Every structure is written in structure tokens, then in C-alpha cells.
Number of protein chains: 2
Amino acid sequence: MSYFDVASAAPLHPVARQALQASLDEGWADPSRLYREGRRARMLLDAAREAAAEAVGCRTDELVFTPSGTASVHTAVAGALAARRRVGRHVVVSAVEHSSVLHSAAAHEGHGGSVTEVGVERTGAVRSDAFLKALREDTALACLQSANHEVGTVQPVEEVAEGCRAAGVPLFVDAAQSLAWGPVPGAWSLLAGSAHKWGGPAGVGLLVVRKGVRFAPQGPGDERESGRAPGFENIPGIVAAAASLRAVRAEAVARAGRLRELTDLLRARVPELVPDVEVVGDPVRRLPHLLTFSCLYVDGESLLHGLDRAGFSVSSGSSCTSSTLTPSHVLRAMGVVSEGNVRVSLPLGVDGSEVERFLEVLPGVVREVRERLGAPVAGAAGDAEAVTVDAVGLTCPQPVIELARAIGRVRPGGTVTVVADDEVAAVDIPAWCFTQGHEYVGATRRPDGAAAYEVRRRSAP
Amino acid sequence: MSYFDVASAAPLHPVARQALQASLDEGWADPSRLYREGRRARMLLDAAREAAAEAVGCRTDELVFTPSGTASVHTAVAGALAARRRVGRHVVVSAVEHSSVLHSAAAHEGHGGSVTEVGVERTGAVRSDAFLKALREDTALACLQSANHEVGTVQPVEEVAEGCRAAGVPLFVDAAQSLAWGPVPGAWSLLAGSAHKWGGPAGVGLLVVRKGVRFAPQGPGDERESGRAPGFENIPGIVAAAASLRAVRAEAVARAGRLRELTDLLRARVPELVPDVEVVGDPVRRLPHLLTFSCLYVDGESLLHGLDRAGFSVSSGSSCTSSTLTPSHVLRAMGVVSEGNVRVSLPLGVDGSEVERFLEVLPGVVREVRERLGAPVAGAAGDAEAVTVDAVGLTCPQPVIELARAIGRVRPGGTVTVVADDEVAAVDIPAWCFTQGHEYVGATRRPDGAAAYEVRRRSAP
């Protein structure tokens, strides 16, 4: 079995396990009590805070422990916005933030705030000038992740932080995906992290609020963790989180080069071994262990099941693998194909032979799914002037498969119109055209809710 | 060392430890993922939910896991209130609820809601008729704990739930202190619990919302735990919490009788061995393992330190042991003395000899503190008609000590006036009069913020 999904959750690091077990005996009591069990618990908590603060690069009194990365994000956004209410109620976020950030922004909008979502390049990267241009007089907070969780693209946090500082706007950084690799550089104001992403236990998040940054915790008052994280502290978890962050950092520095070689290998070999694949994300400015690609004419769920049967655990941003049946907002914002999407995120200790075996297995798994779905043969050409395809009632990836088949029936410069009611087609048809070099003419919404997507076949082969 | 403070946090139960360690290997992955590590995590989570629901006496789809008892309380109150906003914005709480409930009510008040705090008897018990009388047409939610966390008094939840049901008002029960001892009876609507109170790990709370009860989670959306507890699930903690609840229940049934004998012994012997002690809380309708008493003319902090040095870890509701320097709101609502307060909550496996040793040690510890503070000699009587004592600038327990000394200088029927600016005197002077049989005449606020408390010495000795 090869687990290639550490970007979702990393298995518990041995150091985390040791620290957890050791502190179960010493860290169960209430750290606010005066008796010896309480004092011991307090000492563990203080030591963990020091270790975590050192790894993050902040003061100990700037860092609190929360129950999760999500809790850190929700608290950071709500607390920063409330404290700057007099300045205004405008928030700037990138379009590829983690859902916890976007949901926080949506909740703020639901309470009368306004949100600007800054788009990204096709690599998933925010352009710092575009981001900073979105700042306004009434901007209370800006939010930018350190690196993207789905495609691994590293964001220009340092430049954006500098610009935010100049504009007097606090910058919140969701650092959940990058903290294992190093501290986040730059003059950011607030930061969130999540222990289970770096091999710490579930149930522990970090929230950092720099000194001098205005912050007003929301919700009912509570004395613990400087009033920023209500509830009894999970000290064994916190100790394990801090100890493993330190341990993982040391290994990450040593292993980053090797992981980058392996993901470079995957980035190069996957499109060679599997036809009609798009590798997405920035090829250079990216996390060392993560890569993402999309396989045309394949549904993500079948692909994941096939890989699971072959012994590989990966994740997908395709719509058919999520409970909401919408494709990843990250892939959508990037304008890349979301069908047949696979994210590979390698564990620190991965063996090169596992990656080799993945490359052996993948082509067969994709081929099998494509055959079952009746994917088109590449390169076919016909002489029709215009073809219309009815794909109403079909779901991803079928509308794109129907389009690709129909393209084989028209002459260069001819058009295909696909009528589809699957919302994902609105993302995948333009993205497919981009990857194939055809012209996406546009879509017309029909009265029954379906849309007619028009595509012109490229002239040169 | 004897740890007598399980009402704050119980040491990890051996079953919790085993379950935690076993599930660290199986329960670290994301339970929403389709691959095998995710499916294994999901199975553990589902099994834990079944076990917890059985112990609570609810359906599995009514129970979610949260990061803490406090999180459960905050979520329960906010979600229930939001869902019944059209009915009204009035909340009824008992005056002796846990601070997480009172802080939730205060937050609601801060957003324009209204709160009725129902007082309690001197035993700490709510009268169900008084509680139900507080329900109004616009009452959106009523909150009553199953048992009090500071004095152990069991509340009439079943009767109150019946009355609330008749009035169409949902009842939220904070069951944090009682879940180890059995399910909460009656037709309650929402319930919260906290694993570290029963020997489970920190970082796990329970939230139950009965089917048919309107509930609208607040804050940013999140798919996990039915949208009621955002953030990645702490599955090893959850498994340990559920396993230990089941184990603790079995032991609690077997040990309750013995624990009640031991706390009965303490209730009887402490006032015999230590002069000027008031045992508080209901002598009969109470948790089996918990008792609370207050020692006059002693400060809680010195008492706790003395007991800690003698090897006993207990807690206190006295003002001088809390970071806010206010006495326990529970003791204040009961109208009992808050100075020199000690809460003893015995672990399930306590040995009778530990309790015997506590009884040996306690009198000396109290005597030592009293001598140092210059506590009065009981029974002295003088012939003065009226004495005024200046206690401005003195803090608990000094104003009461000054009063007790002065009483020794006046004739029966004479008066003592104590001028004090310590807020705690407003609680402790009337409560002291009650325990000593003197008449508390009243207080007059002075322009400088201090108050003059007038006490009339009882006529008969």
C-alpha cells in the first residue's frame, strides 16, 4: 500500500506518537489549577508553545493552540474583521483559498460584509499586483494562503504582505500546507496551521496573531488560550503537535530535494505514459512533494477506485468524488480541466520504488476507465461543417467525451455544439478546448436551464 | 499523592489509553476519503458514534463529536437560539450553570437577546416550578445542567424537561458532570458532554440534538459532523472517548455506593474536626463522588497550597484562587460562604485510606492558615453597644475575620458595622451571618465605592 495523500492528512509521525504517549501521564490535568498535576500540565503547555512559536517564527505570546486548522481559520478571520469594523467590512481573498477561508468570507458576506475574490493565473498563482489592487479604503482584512492545497503552487506571500503593510491592511496567511517545509516569510499579521497536515495528531491547530494586530475574538467568552480558543486544552495533542513540527522540519529540509526529484519525474512521465493528460500547477514555484494532473475522458471516482485497488491512495478535485458534486473551486479558478483529476502528495519517507510502481500502474487504470466510458480515439477527422450533440442528462466526463467524439466528425474550422445540463461542463469544455487547441466560441443558456456550448475545430492539425 | 479533583479533569482511564493507542494507527486518515485508509477511519468514527449514542441514550444521527464540552455548549446554545429566532430571543438559565452556558447567554444578550437567570435554593438546587415560571411566550431556549459542577447538587431535569415540553420550549442540558454516572432522564432536546470529565482524553465533546428539534449551526459552513462541528475529526480521541464512557459507566454503577459512603463520611466528619465549617450542596440529591465545604476565616489559595503540600489536589470556588478574583457565581447564587472553599471530587478508584488521611491532614492545614491570619476565638463576648471596623483595602477573608473579631466585643443585640471595598464581602458577610445566626441588617454604599455592612449580634448565645 502506498499512501500518497499527505496533503489531506499525514500519518502520525513517530515523534508525535512518543510525545503523545509520554504526555498522557503528565498532561491530562487542568493547566489553570494550582496543584502539582495542574502545574505539570501548565509546564508542558508552555514548553509546547515555545517550540511551536520557534518553528513558526513568532513570539510565544502571539501563538495559541486551537482544536483544528479550520477553527484557527474561522477564529482568525472573524476576530480580525470584528476588530477592524470601524475601518470597513471589505475582505480580499484569493479565489483558490481553502474552503475554510472562503466559508469564513461567505459568512461575513452573509452578515453584510463584502468580499473580493482575486483570480489566479493558470498555474494557480496569485499575481501580487492584482491582489494588492483589490485593496480598498474600507478593506479590513486580506487573506492569502502560503501554498495551494490542491495543486501545490506557492503564493507570493512576502510581496503581498509588504503591499498590505504599506496599505495598512492586515494579511492573514493560511499556512496549513506549508508549515512542514519552513516558516512563512514576510510581514504577515495572522497565520493558521494544522498539526495533522505535518504528522502531528488531529485535534490541534495553531493560530498566530502578531503583536500590534487588532484582534477581537468572537463568540462566548472563555479564559483559556488568551481568550482565543475556548475549551479545555488538549495538552497531549498539543505537545505531540509541537514536538513533531520540530522533527518534521529537520527531515523536510533533508528530504525536499529528493521529493522534488520524484514529483519532477511524475510531472514529466505521466503525460508521456498517459495520453490526454494535463499536469496542473506551477512547475517551479511549488511545494516539493505535491503534484496534480487531470486525465481527460475519465471520471475521478473510477480513477480513485482503480488506483485504490492497485494499492495507491490519492485524492481528486473532480466533482464526482465530492459530496457536493461540484468540481474543485481551485481547478475552476485556474481554468483547467477538472475531470479525471488526481492529486499526489508524497509522504516524507516515500520510497522511489513506490513512485515507479505508480507510473507502471496508472496508464492501465486510466485506459480501463476510458474504454468503459467509450472515450474517443485521438486524431480522427471528418468533413461535417457543423455538428450538434445532445448531452442533456449526462454527467462529467460524458459531455466532454461526446464533444471529443464529435470533433472527430467535423472538418478543420467546423463547429460542434454540445447541449448539456451538467454544471461541470461550463468548466471542463472551455478547459478542454484550451488543452486541445480548439476555439471555445461561447455558451448560450437555454430556457430549460441547459446550455449550448459552441466549439470551433482548430484549423491546423 | 491523592488527586481529588476529577470534577475538573479525570486522569485518562486505562480503556481510553488503550483505545487511543490502537486507533492512532487506524484513525489518522480523512474519513471523508474513498481510499482504504479513509474507509478505516470512517468505520472507527461510526463505531464510536454508536457506542457514545448508546451510552447517552440517543440515536446515532442525533450525536456529533466536537472539540470540547465548551464547544458543545457554545454550539448548542447558538444553534438552538438561531433556529427559533422567530419565536423570540429570550433564554432561561439557572444561576448555577457552568460558565460556558452563562457566557453563551451573555453573548446572546450582547446581540440583543434577553436572559432570565433563575435562582436556586441554598442547596444549589433549582426549583422546577420557579424555573418553569420563567418561561415566556418568546422563550427560545431553556438551559439546565444535570448536576452542578461545584457542589454536586442534582437538578430536577426530568420535571423541568416535562414542563418545557408542555410549553413548547426546547431544553438544553449541560450533562458534563453527570454522564459518567448514567444517561440523563427525561424529554430534553439538546445535551452536551465532555470526555475528559469521565476519563476520556481532552479534545472531545459530545453534542446531541434530538430529532425534530430545530437547529441552525452558526459560523462558517463546514461539511464535517453534520455541519455542527467544523474541522478535521480527532478520531483517535473520539474512539478513546466513546470506549472509556462505556467502561466508566460499568464501573460507576459498581462504585457509586462506596463513593457515596466516603463523601457521606467527609460531610459528617469535616465539620466535627474543623470548627467554623459549612458543608454546602444538597446532602441527598447529589453526585456520589463530590462534596464541597467552606472554612471561615481562611483564604482558599493558602488552603489549596497547604493541602497540595500535604499531597492532596482539590479545587476551590474562592475568589483568591481564580484569575478573575471574583468568587464562584455558584456559591454566590446559593448564598453560602465563599471564603476558604474546598471542592473534593473523588476518582472512581479512590482508596478509603486516602480519604482517612485527608481527614487527618485537613484540621492542621486550616488551623495553620487561621493562626497566620489571626482568626477570632469563637465564643468571646464584650459589652460594647456598637462597633465600627475599617476593612477598606483588606481582601477576602480579612473583612469577615475583622467582623468576627468585632462581634466578640459587642453585647448580644449590639451591632457591628464593617466598612469594606472588597466585592466578595457582599457575598461572604451575609452568608457568615446566616451560618453564625447573627442578623444581617444591610449594606450602605458610600460615595468612595466602599460599602458599610451592618450586623446585629444574636441575642441568645
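User: How many bridges join strand β14 of chain A to strand β16 of chain A, and do they run parallel or antiparallel?
Analyst: This is a predicted model. In it, six bridges join β14 (residues 410-420) to β16 (residues 451-456) of chain A, and the two run antiparallel. Within that pairing, A:T417 has A:E454 of β16(A) as its bridge partner.

User: What's the strand order in that sheet?
Analyst: It's an open sheet of four strands in chain A, β13-β14-β16-β15, with mixed pairing. β13 (384-390) and β15 (439-445) are the edge strands, each pairing on one side only. Strand to strand, the twist averages 15°.

User: Which strands does helix α11 of chain A lie across?
Analyst: Helix α11 (residues 398-407) lies across β13, β14 and β16 of chain A, at about 155° to β14(A). Helix α12 (residues 425-436) of chain A packs on the sheet too, touching β14, β15 and β16, and its direction makes about 5° with that of β16(A).

User: And what UniProt annotation covers residues 389-413 of chain A?
Analyst: The unreviewed UniProt entry has "domain: UPF0033" there. That span is 40% helix and 24% strand, with its end C-alpha atoms 17 Å apart.

User: Switching to voids: how many cavities of 30 Å³ or more are there?
Analyst: Six. The largest cavity holds about 290 Å³, and among the residues closest to its centre are A:P67 and B:P67. Its lining divides into 13 nonpolar, ten polar and four charged residues.

User: How many charged residues line the second largest cavity?
Analyst: None: that lining has 15 nonpolar and seven polar residues. The space there is about 200 Å³, and α1 and α7 of chains A and B each supply at least two lining residues.

Terms used. Residues are numbered from 1 along each chain as its sequence is written. Chains are lettered from A and ligands numbered from 1 in the order in which they are written. This is a predicted model: local features need pLDDT of at least 70, side-chain atom pairs count only at pLDDT 80 or more; totals for chains, interfaces and linings use all residues. Side-chain values use heavy atoms; hydrogens and water are left out. UniProt positions are given in the numbering used here, feature names are shortened, and annotations may be inferred rather than shown by experiment. Two strands pair if DSSP finds at least two bridges between them. Axes are lines fitted to C-alpha atoms, for helices over the stretch in contact, and angles run from 0 to 180 degrees between N-to-C directions. Contact means heavy atoms within 4.5 Å. On a 1 Å grid over the protein atoms alone, a cavity is a set of points where a 1.4 Å probe fits but cannot get out, and a pocket is an open set with protein on both sides within 12 Å along at least five of seven lines; lining residues have an atom within 4 Å of a point. Grid points are joined across faces, edges and corners, and a volume is the space filled by probe spheres set on the points. Ala, Val, Leu, Ile, Met, Phe, Trp, Tyr, Cys and Pro count as nonpolar, Asp, Glu, Lys and Arg as charged, and the others, Gly among them, as polar.
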